[in-house]
Every structure is written in C-alpha cells, then in structure tokens.
Amino acid sequence: MLDDKLVKELLRLMHPGDVLREDLDLFTYSYDGSHLPLVPASRPDLVVKARSTQQVAGVLRLAYRYGTPVVARGLGSGRTGGSIPVEGGIVLCCDEMNRIIEFDEKNLMVTVEPGIRTMDLYNYCARRGLFYPPDPSSAAHSTIGGNIAENAGGARAVKYGVTKDYVMGLEVVLADGRVLQTGGKSVKNVTGYDLTRLFVGSEGTLGIVTKAVLKLIPLPKVRRTVQVMFSSLEGACAAVERSIQSGTVPAAAEIMDQTSIQAVAGFQRLEVDPDVEAAIIFEFDGDSEDNLDRQTKLAMSLCRECGSIRFRVAMTPEESEELWNLRRGISSAVAALAPNRIGEDISVPRAAFPEIVKRLRAIATEYGLRIAVFGHAGDGNLHPSILTDLSIPGEKEKVAKVVGEIFKAALELGGTLSGEHGIGITKKDYIVDALGEVGVDTIRSIKKALDPKGILNPGKIF
Amino acid sequence: MKKDAADFLAKADALVNRCDRCGACLSVCPLYALSQREIASARGKISAVRGLLEGGLTTGSSIAKAFEFCLLCRACTEKCPSKIETDEVMVAARQYTAGKLGRKARHRLVAGLLGSNVLLSLVTGVLDLSRRAAMGRLSGTAGPLEPAGSHYREMLAGPASFPPLPAGPGAKMPQGGKIAYFRGCAMKIFFPAAAGATVNLLKKIAGVVVPAAVCCGSPHLAHGMLGQAMALARTNIERFGGAGLIVTDCASCGHSLKEYGHRLADDPRWADKAQEFSQKVMGLSEYLYHAGYRPGGRLPFKVTYHDPCHLGRGQGIKREPRELLRLAGNYVELPSADRCCGGAGTFHLDFPEEARRILNDKVADIAQTGAEVIVTECPACMMQLAKGEQQSGRFVVKYISQVL
C-alpha cells in the first residue's frame, strides 16, 4: 500500500485522469507479453500515465523520497516480464509521450519521446526517405522506450544491427528524479563513459528514458522478399551461412523449422508440402532491381546447392508483406500448438547455428518434448519454443530442466541467454552462469551507484 | 436445462487461454486508440475474463461496463496471430455479468421490442406515419427517416456482434426456385425504401418471397439474452423452412443467420435444421455478385464504400460489394474502409461520446475521397453514417440496393 501523502502529492502533480487506481485497471497493468501466470496478479498500487519529462521527474522524486518501486512501461509487449511490477508500487506508463520532437534531415537523426511506436517511427522516417532499421516482430505494438530498455533486435539485425546501434543520445530521469543527458549528435564522442550504451538494455533498472536521439540511414531503394523451402534444417542453416560468406548479406534471413511452419500454415490456411523440414525468408535490399536480381540469383544457386526444394520470390509488395506476416505471426501460432509454450531467446555466434539446432533437437528427443525452432538465422538468434502441458504433474520440473539445458548449450557454444528479449524475471536464475560472479558483481555495483534505494524496476535481471 | 452464469464464462475459457498477451491487438483496436487504457483493448478484456476464471478478479459493475465497452468489430481478431474471437468472448462474458448483475433496462427494452412482432409492427406503423408527415424534410432518398430526434429509434440500431463462421460450403445458387428475402427489423422499421429496392433488385434475377421473419437474435446475444436469441432462431428456421436460398441485405442479420448452425449445434433437435438453414443464407451483394448480376449504366456521382464489420470481417464479404460498385461506375476506395464507424449496435447509445469520436475519423476519411455518396450494406452503419452526413454536409449516405 502506498503512503496516503505520496498519493496526495502525486495527484497534485498529474492530471487526475492520468492516475489509475481502480482495481480492474491495476489488474490490467499487472502483466505484459511474457508467459508468466496471470493469477496471482502482480498488481501495481497505482498506474501513472506520464505526459512529460517534468512529470516523470516529479514522480521519481516522490517515489525516491518514499522508497516506492517504479516500473516503466510502454505497451507491455515485452516477453520476459520486464514491465511487471513484481513488488507493487507505481507503474509509470510512457506510451502517451509519443511525439517526434525533431527530424534532423541534415544529420540523419530523429529525436523522439519514448512512447512512440516503432512502426510509426519507421513509417514517419520512410515517408521522408530515411530508414530506422531495428524491426522487432512486435514493431506495430512496441514502443521505442521499451525497445531501448530491452535493446530490441529484429530480423534485419544481420545487416543493420540492433537498437543500440542507432541510439546516439538519451534523456534519462534518474532514480532520485534528476534529469541526465547522455551522448548527442556527434558521431565520434569519447567524452567520459559511454552512458548511452549503459542505459540501452538496462531494462528500466537504472533510469527512465524520456527522450532519445536516434540515428537514421538512407532508405534502400528496392527490396525483395524470397521464401525458400528445404528438405532439411541443416541445409537451410548452411544456405544462410554461405550466403553471408559470399558477400550477399541479406537484410534478413529468418529460419523456421517444420513445427513452426505447420503452425503458421494452420492459421493461414496454407498448404505445405510434408517434405518441407525448414523454411527461410530472405530479404534482400539494394539500389536497383539489377542489384536485387544479382543477389536473388546467387541466393538461388546457393540454396539449390544446399538442398532447397522450392524458391518463391515475392512479385508484389502485397506478396512480400504476406511472406513477412508468415514470420511475424509465428510466435503466437506456435504458442497455440500446445496448452503451454515456453519461448526462449538464445543467441549464439552465427557459425554455431547448425550446431545449436542439432543440440536443441537432441534435448527435445532426450526429454520427449516437442521444441519448435525459429529465429534469425542471419545473426544466430533463435527462439526455441518448448511445447508442453504444464497441468501434467512433473511437467513443470521437466521444462525447467530443459530450459536449463538449452541455456547450457547456448553458453557452451559461446552464446548468451537472450538475444533481444532481455532477462527480466524469466531468466534471472541463470544470470550468474552467463556473466560469472565478477560480471554480476559489476552490474550490481552499477545498479547500487545509480539506484541506491533499489526503487527502479526491482526484482529484475539479477 | 437452465445454465448457470458461470457456465457461460467457462465457455470462453478455451478461447481466452489461447491469448499469449503479445499485445498485437493494441495496434488495431479502435477503442484502445481512443482511450489508451489497457482495459479498453482486446488483451485487457480477455485478461479480465481470465482473471474472473482464475480467481484474480471479482464481478462488479466496472467489469460489466468494461465488457460493454467493445464494438465487437473483430479488428483484433483479424490482427491476432492466434485469431482469438474477442467478440465471442464478450458475448459469453456479457451473458455472465448479465446473469450475475442483471441487464440494463435499455438493452432489455430493445430486446423486448425486437423479440415481439406485435410491438415491432406497432413501432413500424408509428414511424411510417411520422415518415409521411415528415416527407418534406427528408434529405435525399435513402437517409434515415428523420434526423436524430427520436431517441428510441436509435435504440433499435442493428446489433453488433459475432463469431466466426463455421467452415463449410457457402449457399448454393437456386435452381430456378424462389429467393426468400430476410427482411430484418432495422430494414423494416427504418429503411423500408431501401428494403423495397432490395426486393426490386432481387426480382430482376428470380422470384422473391418475403416470409414473416422475426428478429435474427443478434441484439439479444450481444446483451446476455442467449435464451431469447435461440428461441428467435428456431422461429426463423421454421418460417424459412421451405426456402431454397435466403438473402438478407442486413450485414448483422446475415452474420447472425449464418451462425445458427454453430449456435444450435449442441441441440439435438435443431442442430441439423439450423445447419441446413445457415448454409442457405447469403448477403445481398454476395448473392448479386455470384448470381451474375451486373449493374448497367454509370452512376452520376462519385461513390465510395464503407465495410460493415459484420459483412467484411464477419462474413468475409469484401470483394463483392466493391466489384458491383465498380461496375456501377465512378467508384473510389475509402481509406481504412473496414474500420468500425462507431455505430455498433447499442454502443453509440451506451457510449455516445466515444462513438462520436470514432465517427469523426470516418467522416474525415470519407471527405478525403471527394466522394459525394457513401454506400454501405448495414442499417446500423447507415444510421451512424447519416449522423456523419448531417455533421459534415459533404456527402450523402445511400444503401447499396439503392445505387445498383
């Protein structure tokens, strides 16, 4: 329960309609896009819909004084529980701070508030001939603030990198309510520590981003989507590897195994050849159709050498969109295959991709569980999904073991626990395995220095 | 066989469990865009139902109101990777809250009126007189009988709901037999001229009979009166027993009639008959297009088209009305044509301010096309768009049967 005095002061700071206190509202801000149980609900004590940096700073000054937890939230699309208020307190919702503050065409930069949706930002820039490349599958319903907090990736990472590669500067409200400015528009900048990078991926535990300066690049003139079916998953992996080695770096290379393909096909009423064991969606971009033809041709011959059985080129933007929808819908389509789905987000060096897939299959066989595998083959980031029914006695324990095995395999191959979803609540048990004692000690010291009272998103990461 | 309120909620269990809370619906829900509150979104409502089922929430007036605050427009379902039918969940949830807390007087009144042919004909008669009296004031040909003056007229605005169609073959073309025209309540009461135009159109293709239909039951279903809805369904099935093909020009009736097979599937006495009935139902433009009707001539005005939720997403009828209008000439596509207009059954009565704001966007979109006429195939949309017509004065609303 919050101190009455805190509530009174908050109400003075905010428009009354922007402070939600009804139980039903609190319940609906107790979850996010992660697969954690809905009940018992981790209700916040209240929800604040912030409209300005001043309000965010005001809320944090109060919370700091009263020692109240504050959990930042955008649209709640996170997959690891990052915006769930596990210790109650205040959910600080920034989705209505969604303005584009400045579009700087000369420097190819855009300054935005954190609540802008990724897709809206992309569209805004694209209409002006510029490109904001990070494209998490949730782009239509995720915010830039959340993307920064989780260092979101996406399909295009193989060629264009992830969110952190585009964040030039930030305005961050610190735990005590002071406002910090980091970085800026200078491309080269070694003035002090790189605080911008520190906040990217910090999952709301170090400060709350209220403004971001993002780098843009010229929009590729033409794009082409290609869908290739393979009779083996190994062949598909090899095709991606060889395509990158050949210098034809695709703008995306998304892989799906048979289970995933059939899940989406079921939803979209598509017929899929039963011989198909894996599919890849390639996106190529470039300056001209000739350039695309060259890339497509090369990819086709490489794929054939790796055992492709069908090669489909999208002829229209609608077809291209259709192929992408296939990939974007996969996560939830797979989830519908079994009563419960535990989706993971491991990442390995690209060369280890075929090996990790092999190990995942071995784990599935050993434990007698189905694991659907899909992900970003181009950058080594995969989403193995364990399909199960947790109501079966003993299943929970078995799944926990399998998750442990998956993480172990990823770490052994030089990989990591999370490619793009963050650690949140769901992976914190494994953080020491991934970072080591010294690694965890170091991030703890940083946390302590910036948030001595531990009010910012407590209970996350470590 | 009296069902407990909780049974209805349990019916939604399998649906809500498929939601993995990804949040995709937040990007398309018109009501989330309006209020920016999680509870307004499909994810919020589905989670609330789960909360009730799993013991994380208790029933109260605020949850009942949250369930009412849904257009049942299915925009979320279309976007949802798991294709969860939020409208179906809301029908079950409203049935549940109605059983627990009672129904709104307004909804009971609408349902009572539509459920009774005697009352309905009285109302129709009164409106008919007032229409004659008001003849001179009427704008154009198709518009509703009079401006928004009579409140109870609005309360009859067509229903808004419903679920996916069971897979199966669509209706077959009649082999020289007669078409049975299903004239829904709203067409009968508010748009008799449009209903007449529908009959004339159908007569160009085949013989037409107009059996005495009762309400399709859709408003009852939307407001937690399942028992009455099913009783009406059974009456309609009996009255249309001999028909080879049933055509309706009301999007919501069509959607509801095509659902009878699904709704009565568990009733051994009615399941087969209901299934057979549903398979004979076609929407007006769906029928016209597939029967090979091609409008001749060229419309003397620029026309655009608004997709009724129950026709486009509800029945998958998107291409047919457009093709027909294109042939009729001078057709332009409306941006976001399938976004709900805000009419949505009794939504505009329950939440007038929100409905008005949703309509404003629609009006702006229509104005942007430069079309002089907006056409639709649903009486509820028709009424809502007529308000937009009055507001903007830049276009008129016509029923599809009146321009083909």
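Let's start where the two chains meet: 27 residues of chain B are in contact with 29 residues of chain A, where contact means that C-beta atoms, placed from the backbone, lie within 7 Å. This is a predicted model, in which local features need pLDDT of at least 70, side-chain atom pairs count only at pLDDT 80 or more, and totals for chains, interfaces and linings use all residues. Residues are numbered from 1 along each chain as its sequence is written, while chains are lettered from A and ligands numbered from 1 in the order in which they are written.

On chain B's side of that meeting, α4 (42–54) and α5 (61–68) each supply at least two residues. The largest share, 6 residues, comes from α4(B). Helices here are DSSP runs of H or I with at least four residues, and strands are runs of E with at least two, numbered from the N terminus.

Now over to chain A, where 4 strands make an open, mixed sheet in the order β1-β2-β4-β3. Strands pair if DSSP finds at least two bridges between them. At the edges sit β1 (19–20) and β3 (70–73) of chain A, each pairing on one side only. β1(A) runs antiparallel to β2(A) (residues 46–49), joined by 2 bridges, and A:V19 stands opposite A:V48.

Lying across β2, β3 and β4 (90–93) of chain A is α3(A). Helix α3 (residues 53–66) of chain A also packs against α1 (residues 4–13) of chain A at about 170°, with axes 10 Å apart. Axes are lines fitted to C-alpha atoms, for helices over the stretch in contact, and angles run from 0 to 180 degrees between N-to-C directions. The two helices are therefore roughly antiparallel, the term for angles over 145 degrees. Residues making this contact include A:L6 and A:L10 of α1(A) and A:V59 and A:L62 of α3(A).

Note on methods:
Angles under 35 degrees count as roughly parallel, over 145 as roughly antiparallel, 65 to 115 as roughly perpendicular and the rest as oblique.
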